[in-house]
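Hi,

Here is the structure I promised to pass on. Have a look at it first, and then read on for what turned up.

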Amino acid sequence: MPAAPHVLRFMIWRAHADPNRPCDDIDADGTVKTLTSQGVKIYQSDRGLPAQARQQVIDRYIQPHRRRLAELVASPAIEKVVFCHTMPGIGTRGAEDKGELRPLFMFGNDGDADGTPSNQCFAERALLLTLSEIVETSVGDLDVDFNFCDVIRYNHPYTGGNSLNRFDPQALRGKQPLTIEINRDLILHNPDNIAPTRAIVNRLVLALAQWRRD
């Protein structure tokens with residue numbers, strides 16, 4: 001099923017660089033990574049890439065990407081915005097939920113555990129409830145014979161604020177921006193989950209595209 005038009009979503013491979021991380025974090029899991037989220041060295045050197053090479057990555061790739069993304073988010077042609085991520089199935093050593101099981105899906109609007117957003121420019125709680133119903137009715141299509149805490153959670157273990165708060169809130173107004181986190185163990189447990197997971201994401205994006213405030 002094709003994704004709906006006029007919905008902005010990005011899927012970026014982040015082994016080389018992660019545009020969702022701070023550029024000044026050079027000691028750990030920053031934009032140009034030195035360590036993985038599990039604390040494993042990526043390069044032989046404890047300091048990662050040399051400073052000049054790190055800056056070149058930021059100047060050539062990260063900053064242009066961020067400028068272009070900000071332009072797209074602010075464009076009147078973009079009606080809705082969703083940031084798609086995957087997450088480890090268990091909280092990593094640097095996370096607040098270290099060692100804890102995570103849900104299959106998480107929706108973030110930089111709000112609380114009930115889905116109430118921190119800013120009225122972010123996705124409404126009612127939208128999160130609608131998206132949750134899609135996941136709940138589709139989870140039977142997945143092989144979930146592994147350990148996880150819930151099918152769905154809101155704003156935990158991530159609030160989505162790292163993505164949403166990088167933009168002018170007024171540029172996001174009316175576009176119902178949110179983040180979707182998908183438990184990586186779905187795929188690691190059974191690659192046959194790839195197709196039904198993709199189908200669920202497409203249903204979510206279509207529902208977001210069609211969402212209108214009552």
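Let me start with a question: is Phe83 buried or exposed? Phe83 has a relative accessibility of 6%, so it counts as buried. Before you read too much into any of this, keep in mind that the model is predicted.

Searching the whole structure turns up two aromatic pairs. In one of them, Phe83 and Phe167 are stacked, with 5.9 Å from centre to centre and 20 degrees between the planes. Phe83 sits in strand S2 (residues 80-87), while Phe167 belongs to the loop between helix H3 (161-164) and helix H4 (169-172), so the pair ties together parts of the chain that are 84 residues apart in sequence. Phe167 is buried as well, because its relative accessible area is 8% and the cut-off for buried is under 20%.

Gly91 is found between S2 and strand S3 (105-108). At 9% relative accessibility, Gly91 is another residue that counts as buried. Leaving out residues up to four places away in sequence, Gly91 touches Asp97, Lys98, Gly99, Glu100 and Arg102. Ser37 is 54 residues from Gly91 in sequence, yet the two C-alpha atoms are 9.8 Å apart in space.

Stepping back to the whole chain, you'll find six helices and five strands. Starting at the N terminus, their order is β-α-β-β-α-β-α-α-β-α-α. The radius of gyration is 18 Å, which agrees with the value near 17 Å that a compact globule of 214 residues would have. Along the principal axes, the C-alpha atoms fill a box of roughly 50 × 45 × 30 Å.

How much of the chain is buried? Buried residues account for 45% of the 214. As for contacts, take those between residues at least 6 apart in sequence: 72% of them join residues at least 24 apart.

Finally, the surface and the charges. The chain exposes about 11,400 Å², and 51% of that comes from carbon and sulfur atoms. There are 25 positive and 27 negative charges, and their mean positions lie 7 Å apart.

Cheers

Conventions
Residues are numbered from 1 along each chain as its sequence is written. This is a predicted model: local features need pLDDT of at least 70, side-chain atom pairs count only at pLDDT 80 or more; totals for chains, interfaces and linings use all residues. Side-chain values use heavy atoms; hydrogens and water are left out. Rings of Phe, Tyr and Trp (its six-membered ring) pair if their centres lie within 6.5 Å; planes under 30 degrees apart count as stacked, over 60 as edge-to-face and the rest as tilted. Helices (H or I, at least four residues) and strands (E, at least two) are DSSP runs, numbered from the N terminus. Buried means under 20% relative accessible area, exposed over 50%, partly exposed in between (1.4 Å probe, protein chains only). The radius of gyration is taken over C-alpha atoms; the globule rule is 2.2 Å times the number of residues to the power 0.38. Contact means heavy atoms within 4.5 Å. Accessible areas come from the Shrake-Rupley method with a 1.4 Å probe; for residues, only the protein chains shown count as cover. Lys and Arg count as positive and Asp and Glu as negative; His and the chain ends are not counted. The place of a charge is taken as NZ of Lys, CZ of Arg, CG of Asp or CD of Glu.
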